Amino acid sequence: MTDASAPADQVFLRRHNLAMVLRDLRDHGPRSRARIAADTGLNKATVSSLVAELGELGLVRDGDVERGGGVGRPGQTVEIDGRICGLGAEVNVDYVAVLVLDLRGEQVSYVRTPLDVPRLGVEKTLDELAAAIAAAVDHAAAQGHDVGGITVGIPGMVETAPGVLRHAPNIGWREVRIADELTARLAGPAAAIRVDNDANLSALAEYAVGSSAGTGDLVYVTGETGVGGGVISDGVLLRGTEGYGGEIGHMPIGDPAHRCGCGKLGCWEASVGLAALLREVADKDDPVTDPSVDLEVRLAEIRRRASLGDGRTLRGIEAVGTTLGLGAAILVNLFNPRVIVLGGYFAALGEFFLPAMETELDKRVVAPARGGCRIELSALGFTAACRGGAHVALEAVFTDPASVATVPAPLPGGMA
């Protein structure tokens, strides 16, 4: 009797082996086919066949001749081809941004456009975002790249599978089918569109390429208009039952006199978010409170004042830093992470926040020596969510290289 499942099993095995070879090249760099075989345990003939298929997909190409360390004739190396790219996009309160990474993890482009998203509303903002994505795709194409996947970060509760934003209080959006809306505006691109919470994507970026890359237990805390978190536990992003985990900004530990963007009083976000800092350090007519001025410019001015010893600025930063430490202590007691990474404006002003924050942590974390947790400032700046989105798009290629078959074929002259 013929086993009807055999062809399907062979296809699955082939895709698994393609992924294994591609990940080996990502993790270890250019290798000869013989070394790939040794790394993966596959026989040389199989590796040669897999490499040829990956070359046809535009994912690998021949590199230099392997030098040293071997016996006999040097082998031709195989390396990852950067033609296929991942695109990460972000919508935030006062900007939209798009970043493109190639399969080797090298940045192809990054553009951030100041935008008053709450005022513009859903339709016009998505028009602007679609235009930014289209421009990034065209720019990549002009350099010989093809975008194989798109991931959009949104500051709110996202149902990832259908790509639907359920609620984003700081930008005033509810029940928006982000993936479908962008697909329509982009005239149905071949690249898959995924949607996720911006802090989750930032946490994934830190885990992939940040200063604590590879740390299996990591909490990312982002400070912008909203405050969000992404939790990596044992190398896995924690999402929760419905995927809405990480809404740490709404822990009820803030000043009950201040209303949060979600409408409730006393959220942590209302006491440590950007609005809280600006309330503490500046009057309403101060240029640093002007949302039409680029955020990094405003933060640089606050930093300058703090460096000069301005009393109001330093007192405001200390007050926010103390409350930041209170919330961080709860996260440490809950998750016992190896590292808490501060992103967004927390990182930009981190050296001024850390003394008050760490004092509060030491007072409130139950475990000795904070349970082995350290605090680090993100080096990814405001690109973290976009970078995480691009990595998610690329990870789909590394998981199933054959998925790029719908992306246009490479120009002649790739693999020999």
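View 1. At 1% relative accessibility, Y220 counts as buried, where buried means under 20% relative accessible area, exposed over 50% and partly exposed in between, for a 1.4 Å probe and protein chains only. This is a predicted model, in which local features need pLDDT of at least 70 and side-chain atom pairs count only at pLDDT 80 or more, while totals for chains, interfaces and linings use all residues. Residues are numbered from 1 along each chain as its sequence is written, and side-chain values use heavy atoms, with hydrogens and water left out. Y220 lies in strand 12, residues 218-223; helices (H or I, at least four residues) and strands (E, at least two) are DSSP runs, numbered from the N terminus. Leaving aside residues up to four places away in sequence, Y220 touches a set of residues including A199, A203, E206, G228, V341, G343, S378 and A384, contact being defined by heavy atoms within 4.5 Å. Between Y220 and D283 there are 30 Å in space, C-alpha to C-alpha, and 63 residues in sequence.

**View 2. E376 in strand 16.** The residue E376 is found in strand 16 and is buried, with a relative accessible area of 18%. Its side chain is joined to that of S212 by a polar contact of 2.7 Å; such a contact is a pair of N or O atoms within 3.5 Å, of which, within protein, one must be able to donate a hydrogen and the other to accept it, and residues adjacent in sequence count only if both atoms are side-chain atoms. Not counting residues up to four places away in sequence, E376 touches S211, S212, V339, I340, V341 and L342.

**View 3. The nonpolar cores.** A nonpolar core is a set of buried Ala, Val, Leu, Ile, Met, Phe, Trp, Tyr and Cys residues joined through side-chain atoms within 4.5 Å. The largest one holds 67 residues, of which L59, V221, L277, I340, L342, Y345 and F346 touch the most other members. Helix 10 (residues 311-335) supplies the largest share of this core, seven residues. Apart from residues up to four places away in sequence, L277 touches I302, I317, V320, Y345, L349 and F353. A second, separate core has 34 residues, among them V98, A179, L182 and A191.

View 4. Three strands, in the order 8-9-10, form an open sheet with antiparallel pairing, two strands being counted as paired if DSSP finds at least two bridges between them. Strand 8 (157-159) and strand 10 (173-176) are the edge strands, each pairing on one side only. Strand 8 pairs with strand 9 (residues 164-168) in the antiparallel sense over three bridges, and E159 stands opposite V164 in strand 9.

**View 5. Two loop residues with positive phi.** Most residues other than glycine have a negative phi. In the loop between helix 10 and strand 15 (339-344) is N336, whose phi is near 45 degrees, a positive value in a residue other than glycine; N336 is partly exposed, with a relative accessible area of 44%. Phi of A369 is near 50 degrees, again a positive value in a residue other than glycine, and A369 lies in the loop between helix 12 (350-364) and strand 16 (374-377). At 68% relative accessibility, A369 counts as exposed.
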